[in-house]
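Here's a quick tour of how the side chains pack in this one. Have the viewer open and follow along.

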Amino acid sequence: MSALPEFTRPFDWEQIDAATLDIGGCILKGLLTKAELLALNQEVDDYLDNSPKYGQPETGSAQYNQFLGHNTIRLHGLVEKFPSAAELVGHKEITSWATRILAPKADSILLNAGELIQINPGEPRQATHRDTDSWPIALEADPIIVNAIVAFDDFTEENGATAIAPASWSWDTDRRPNSDEYVRAIMQRGDAVLFRGDLIHGGGANHSGSPRRAISLSYCAGWLRTVENNYLNVSRATLAMLTPHLQSLLGYDVHDGSSLNAGMVGLYENGDPRRFVDELL
């Protein structure tokens with residue numbers, strides 16, 4: 001199958017949106033600058049040097065721990081752990097893209113999970129899956145979640161570049177891809193692959209001698225319960241320093257579904273949760 005379409009700056013967001021809704025995804029070349037990469041990678045290195053036992057799967061489910069990978073480091077709470085992560089999590093181009101793609105399903109979006117993923121040498125291939133499997137919701141033409149995986153190392157077949165089955169969002173739920181229906185997200189560091197969360201995908205096996213690092217950002221409809229518990233992963237002190245845009249992505253806004261004939265969720269004391277945030281300032 002043909003590789004995902006690639007876009008370079010200045011990004012043509014109309015074409016990017018169309019690719020997302022059609023085949024399901026694309027690659028953005030050079031999303032991050034070398035300076036942005038250097039700053040975040042240094043912060044991650046410093047954190048891992050001081051927290052060597054962090055990032056291992058401890059879900060309480062042996063099956064889910066295996067899915068996450070015993071030789072893979074995964075860290076949530078990015079804006080709490082890494083000062084430079086806020087700019088990436090709240091990246092205006094990426095969050096605007098997510099808002100447009102999810103607009104038929106929701107008037108607001110949430111950070112479903114912001115995750116550092118470092119696949120270390122020897123990690124086997126991850127079980128392919130849809131991220132929508134987290135919720136018992138049927139697949140439809142309009143997605144409820146979108147993903148952006150930003151490469152912090154080059155993505156190669158040898159080190160486990162993500163495997164994606166284009167257009168699989170439109171398949172019957174019991175259909176699985178043949179081997180020739182996958183493409184690999186081959187990227188240089190600083191590139192990003194954007195895709196619908198209802199595409200079948202999974203991390204590849206790392207047969208190289210080096211780790212493969214990325215940050216995965218997923219954004220979901222504002223009425224869903226998120227995979228990452230942002231309220232516990234981000235302290236009050238950090239929350240108070242974030243922009244309103246970041247605070248909203250973490251869930252400190254009401255989701256008003258009235259335009260889609262739905263209700264309001266995320267209330268605080270029968271009102272706007274920003275009252276809670278204001279008390280911190």
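What follows covers aromatic rings, charges over rings, nonpolar cores and a cavity, all in a predicted model.

## Aromatic pairs

A ring pair comes down to two numbers: the distance of the centres and the angle of the planes. The count here is five aromatic pairs. Take Y231 and Y252: the ring centres are 5.3 Å apart and the planes sit at 85 degrees, and since anything over 60 counts as edge-to-face, that's what this pair is. Y231 belongs to helix α7 (residues 230-233), while Y252 is in the loop between α9 (244-249) and β11 (255-256), so the pair ties together parts that are 21 residues apart in sequence. As for accessibility, Y231 is partly exposed at 47%, whereas Y252 is buried at 10%.

Y252 also pairs with F276. Those ring centres lie 6.1 Å apart with planes at 10 degrees, so this pair is stacked. F276 comes from helix α10 (residues 274-280) and Y252 from the loop between α9 and β11, so parts 24 residues apart in sequence are tied together here. F276 is buried too, with a relative accessibility of 16%. Zoom out a bit and ring pairs join Y231, Y252, Y268 and F276 into a cluster.

## Charges over rings

Two arginines are worth a click. R196 has its charged end over the ring of W169, 4.0 Å from the ring centre. R212 does likewise with F155, where the charged end is 4.0 Å from the centre of the ring.

## Nonpolar cores

Which residues touch the most other members of the largest nonpolar core? They are I16, L28, I94, W97, L194 and Y219, out of 48 residues in that core. For I94, setting aside neighbours within four places in sequence, the contacts are W13, L28, L31, A148, L194 and Y219.

## The cavity

Rolling a water-sized probe over the atoms shows where empty space is left.

In terms of secondary structure, α4 (78-81) and β4 (109-119) each contribute at least two of the lining residues.

Conventions: Residues numbered from 1 in each chain as written. Predicted model: local features only at pLDDT ≥ 70, side-chain atom pairs only at ≥ 80, totals over all residues. Heavy atoms only, no water. Phe/Tyr/Trp six-rings, centres within 6.5 Å; stacked < 30°, edge-to-face > 60°. Helix = DSSP H or I, 4+ residues; strand = E, 2+ residues; numbered from the N terminus. Buried < 20%, exposed > 50% of the residue type's maximum accessible area, 1.4 Å probe, protein only. Lys NZ or Arg CZ within 6 Å of the ring centre and 35° of its normal. Core = buried A, V, L, I, M, F, W, Y, C linked by side-chain atoms within 4.5 Å. Contact = heavy atoms within 4.5 Å.
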